[in-house]
Amino acid sequence: MFGAGAVGGILAGRLIKGGGDMSIVARGAHLAAIQEKGLGVRDRDGEWRVVVRATDDTTSLGNQDLLILGLKAHTVTAALDQLTPLIGPETVVMHIVNGIPWWFFHGLKGEQPADHLECVDPGGHLLNSFGREKALGCVVHIACNVPEPGLVEHNAGGTFFIGEPDGSESARLAAIVDALSPSGLRIRATTDIRAEIWSKLYANITGNPVSVLLEAGFSDIFGEPGVRDVMRTVIEESAAVARAYGTDANPDIDERLDGLATLGNAKSSTLQDFEAGKSLELDALVGAVAELGRLADIPTPTIDLIYALTCQKAKIAGLYTPASA
């Protein structure tokens, strides 16, 4: 597990507790606390700790069977030098990521307008460094956080959808689902990982950037009629882009918006990052959909506007830099 933050830490901690085998790569105070006291997990069973191999020296671990990336999309390229020692000829690379992944075009049927997205993977650097055949998709529905170094907190949810980019039921997919199942989390194989990607994206592409623009929680976004209408348009534009690439992901928009409104004053992860002064994950969540739309001649004017405004607000705050090769 490279990047044992909230999601990665929950999976690693529960897997090790269940008898599974996993090393983690972390850094800073989080790593120091794990090395000193073990990885702490707080959940409905209370608070407990597991002993885990934790390091920031990837050369000490060598090639892995499965490399799980717990990094946000815009931070992966900077970590390539550390990732390389972990990847051998048979290594599977599974990125737990929100938004459109770097391997998106791999496995799609028919001729595609590109083999990579510039705003997610400039120059196709990740695709070429990892090797597209190593990619395995993963979409996670979980609520968790890191309340202090060395401790992760599991608040709700815990479903991991894992699938091959080409939709096949491969032996490696079955083996990985089996290997992660001792975690006690809901590890589910899917033959349509892109449907899961788009389904989750509808929440991310609406609530995340707009929460930063308004500096507001979910109820003030999805419970406000005028803003709700804008969010409806964003989902409609996103669904049109999804259909252009073979995913008939037609959500019940009212049901989706109603569900998000019930989250009350909860803040999106992007707003939390903005308030904490961390760099923002905007390209994979918003910019990639706009880029996919341009490549397929699908207009996305509302998405384009929200993307431009959010990037500029984050840039002024020193929290966003456009991706570069």
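## Starting point

Helices here are DSSP runs of H or I with at least four residues, numbered from the N terminus. The model is predicted.

## A pair within one helix

Phe-218 and Phe-222 both belong to helix H7 (residues 218–222). They are four residues apart, so about one helical turn separates them. Their ring centres are 6.0 Å apart and their planes meet at 15°. Planes under 30 degrees apart count as stacked, so this pair is stacked. Phe-218 is buried, and Phe-222 is buried too.

## A pair across the sequence

The count of aromatic pairs comes to six.

Where do the two residues sit? Phe-104 is in the loop between strand E6 (92–96) and helix H4 (125–130). Trp-198 is in helix H6 (residues 193–214). The pair therefore ties together parts that are 94 residues apart in sequence.

Buried means under 20% relative accessible area. Phe-104, at 1% relative accessibility, counts as buried. Trp-198, at 0%, counts as buried.

## Cluster and charges

Phe-104 and Trp-198 also belong to one aromatic cluster with Phe-105 and Tyr-245. The charged end of Arg-194 sits over the ring of Phe-104, 5.3 Å from the ring's centre.

Another charge and ring come together at Trp-48. Lys-17 lies over the face of Trp-48, 4.1 Å from the ring centre.

Technical notes
Residues are numbered from 1 along each chain as its sequence is written. This is a predicted model: local features need pLDDT of at least 70, side-chain atom pairs count only at pLDDT 80 or more; totals for chains, interfaces and linings use all residues. Side-chain values use heavy atoms; hydrogens and water are left out. Rings of Phe, Tyr and Trp (its six-membered ring) pair if their centres lie within 6.5 Å; planes under 30 degrees apart count as stacked, over 60 as edge-to-face and the rest as tilted. Buried means under 20% relative accessible area, exposed over 50%, partly exposed in between (1.4 Å probe, protein chains only). A charge sits over a ring if NZ of Lys or CZ of Arg is within 6 Å of the ring centre and within 35 degrees of the ring normal.
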